[in-house]
Amino acid sequence: MTDDYNLSITGATLRRPDTLATACLYLELGDWVEVRRRIVTDNLYQLNSEASLKRFAGDIIGRLRNLSDDEIAFLVNSHSDDQSAMLWVAICRTYSFVSGLSAAVLRDGFERGIPTYTEGAFEAYFEQEAEMRPELRRLSLRSHKKVRTQIFRILVECGMVAEDGTITPIHPSPAFAHVIDAAHQDDLDLFPGVTLR
């Protein structure tokens, strides 16, 4: 994860089936360039537009490249909360804004007895970050709303938040905590209501 905010989250949401198919293809081929080529030539995501196919492939590959090979294998072979947790880790490593939001709003808020994720909580966090991150201040109103909407959709798709905004903690297994790369132990603190260390 870089120090600069990656704001391409305005593109794909979680796209779980496509992400898993891409991860499987990488484990088979071991080469991200070849994975991208196969996604496009075989229309792996079954999309009508080649432009959308390339854009989603770029988003999904970009996220998966932030996982180690062991973490990708775990993602492919896991189910339920473990799979959702690894997908969330990939999202958070790619988008540092989301990682900070997860820790400050979801985890810390939940621990302070705030059981819901609200639009107001997002906006408060956004404004706080925008004071230090000029790229956030430069977002158009349309892009700002798209970021907010996409993050909420991903939270719901990961099972971290219900449609009504209720925080719904997921419970990764000890095997999940064990496979997390030693350089990324802070990822274990992304999940509200659970202790993984």
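Helix 6 is followed by Gly113, whose phi is positive, near 85 degrees; helices here are DSSP runs of H or I with at least four residues, numbered from the N terminus. The structure is a predicted model, in which local features need pLDDT of at least 70 and side-chain atom pairs count only at pLDDT 80 or more, while totals for chains, interfaces and linings use all residues. Residues are numbered from 1 along each chain as its sequence is written, and side-chain values use heavy atoms, with hydrogens and water left out.

**Helix 6**

- Helix 6 covers residues 96–111, and its end C-alpha atoms are 21 Å apart, which agrees with the 22 Å that its 16 residues should span at 1.5 Å a residue, the expected span being 1.5 Å times one less than the number of residues.
- At Ser102 the helix bends by about 30 degrees, where the bend is the angle between axes fitted to the seven residues ending there and the seven starting there.
- Because twelve of its 16 residues are buried, helix 6 is largely enclosed by the rest of the structure; buried means under 20% relative accessible area, exposed means over 50%, and partly exposed lies in between (1.4 Å probe, protein chains only).
- Among the buried residues of helix 6 are Phe97, Leu101, Val105 and Arg107.
- These buried residues pack against helix 5 (80–94), helix 7 (119–130), helix 8 (134–137) and helix 9 (141–158), with contact taken as heavy atoms within 4.5 Å.

**Aromatic rings**

- Rings of Phe, Tyr and Trp (its six-membered ring) pair if their centres lie within 6.5 Å, and planes under 30 degrees apart count as stacked, over 60 as edge-to-face and the rest as tilted; by this rule the count comes to eight aromatic pairs.
- Tyr26 and Trp32 form a stacked pair, at 4.0 Å centre to centre with 5 degrees between the planes, and both residues are buried.
- Phe97, Phe122, Tyr125 and Phe126 together make up one aromatic cluster.
- Arg15 lies over the face of Phe56, at 4.2 Å from the ring centre; a charge sits over a ring if NZ of Lys or CZ of Arg is within 6 Å of the ring centre and within 35 degrees of the ring normal.

**Cysteines**

- The structure holds zero disulfides, a disulfide being a pair of cysteine sulfur atoms within 2.5 Å.
- For Cys24, the nearest cysteine sulfur is that of Cys158, 17 Å away, and Cys24 is partly exposed, with a relative accessible area of 39%.
- For Cys92, the nearest cysteine sulfur is again that of Cys158, 8.3 Å away, and Cys92 counts as buried at 1% relative accessibility.

Notes
Helix = DSSP H or I, 4+ residues; strand = E, 2+ residues; numbered from the N terminus.
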